[in-house]
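Here is a short briefing on one protein model. Look over the sequence and the structure first, then read the points below.

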Amino acid sequence: MPRGCDMRWFSTEEICEILSRFEKVIILGDSMMRHVVGSINVLIRKDLGYGAVTDWNFSPEERYRCSRDCFCNYQFNVKSCSVQGIFKTSDVAKNDPESLACPADKIDVIIEQMIRFPIPNDELDRLRGLLPSKKPARPYAFIYGHGLWNNLDLQATLDWLDTLLDTSVQAAPWLSSTSHSRPKSRSKSKGSRAAAIAAAKGERDKNGNGKGFWPRLFMTPNAAGKEKPDEWVVSQGNKALMIFEESVAVEVGRRGVEHLGTWNMSIQSNTFDGV
């Protein structure tokens, strides 16, 4: 690996194998996370040109327009193209199974867009609907992304994450050894956080029983890019993003959640927000 970098590209076959380890991969967050699920679909469909969009239901007019306007990067950053995005792999399995490189019955990736805090009740209900009351055969994995829609307000982002963690454990107690209700205040949330950390580590109780396994990853926003509108340079510019990324890494770690920063890998992007 060049220059001592420990990051690498995964092959589609490796991605399929990783995704198949989980009963479901649930992605929660904003437009950046929509791009993440789109990128996953590009890779598992082996289609750089149109892998992120629902090309199976294009009308003749849309097919002509998209062949010109939505190819490759444009399927992500052109609004009329991104609204045709694939939000769950089960739609691909249903409508275009031949395009999947992974076994359709072995992978299940879905995104629910939850961009602001406080989180509306209907969005939390959708999350609850994704979680079975009984422990599945394979673990569920969660990928979170948040920040820009609350103007990089660290406390709002942590409250957003805590709400999702607590709601998940309420709906699916098997995620943690301790079933608990949503804390009324942050001072009462220590039991919730401790249970979450134990679940993330796969710890066991004194009788050797598993305390649950809850793989979770938090992704912080991309670099601003030189096309970021000037009015956002102070509150959402690169200095603010770097401080936010470092602060979030510390705080989510205290909750047993892994962190992936994206600022450094996207700093050479031209368009705003690293798109």
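**Briefing**

Helices H8 and H11 cross in the right-handed sense; a crossing counts as right-handed if the near helix is turned clockwise from the far one by less than a right angle, and left-handed if anticlockwise. Leu 154, Thr 157, Leu 158 and Leu 161 of H8 meet Phe 244, Ser 247, Val 248, Glu 251 and Val 252 of H11. The model is predicted: local features need pLDDT of at least 70, side-chain atom pairs count only at pLDDT 80 or more, and totals for chains, interfaces and linings use all residues. Residues are numbered from 1 along each chain as its sequence is written, and side-chain values use heavy atoms, with hydrogens and water left out.

**The helix pair**

- H8 covers residues 154-171 and H11 covers residues 238-254. Helices (H or I, at least four residues) and strands (E, at least two) are DSSP runs, numbered from the N terminus.
- The two axes come within 11 Å and cross at roughly 35 degrees. Axes are lines fitted to C-alpha atoms, for helices over the stretch in contact, and angles run from 0 to 180 degrees between N-to-C directions.
- By class, the H8 contact with H11 has six nonpolar, two polar and one charged residues. Ala, Val, Leu, Ile, Met, Phe, Trp, Tyr, Cys and Pro count as nonpolar; Asp, Glu, Lys and Arg count as charged; the others, Gly among them, count as polar.
- H11 also lies across S4 and S5, and runs at about 165 degrees to S5.

**The sheet**

- Five strands make an open sheet, in the order S2-S1-S3-S4-S5, with parallel pairing. Two strands pair if DSSP finds at least two bridges between them.
- S2 (109-113) and S5 (258-260) are the edge strands, each pairing on one side only.
- From one strand to the next, the twist averages 20 degrees.
- Six bridges link S1 and S3 in the parallel sense. Val 25 has Ala 141 of S3 as its bridge partner.
- S3 also pairs with S4 (residues 216-219), in the parallel sense, over four bridges. Here Phe 142 is partnered by Arg 216.
- S4 and S5 run parallel, joined by three bridges. Met 219 has Leu 260 as its bridge partner in S5.

**Strand S3**

- Six of the six residues of S3 (residues 140-145) are buried, so the strand is largely enclosed by the rest of the structure. Buried means under 20% relative accessible area, exposed over 50%, and partly exposed in between (1.4 Å probe, protein chains only).
- Tyr 140, Phe 142 and Tyr 144 point one way, while Ala 141, Ile 143 and Gly 145 point the other.
- In a regular strand, side chains alternate between the two faces of the sheet.

**Arg 21**

- Arg 21 sits in the loop between H1 (12-19) and S1.
- Its relative accessibility is 46%, so Arg 21 counts as partly exposed.
- Beyond its neighbours within four places in sequence, Arg 21 contacts Arg 138 and Pro 139. Contact means heavy atoms within 4.5 Å.
- Arg 21 and Ala 141 are 120 residues apart in sequence, yet 9.4 Å apart in space, C-alpha to C-alpha.

**Confidence**

- The mean pLDDT of the protein is 84, and 83% of its residues reach 70 or more. pLDDT is the predictor's confidence in each residue, from 0 to 100.
- Over residues 178-189, pLDDT stays under 50. Over residues 202-210, pLDDT also stays under 50.
- Where pLDDT is low, the predicted coordinates should not be read in detail.
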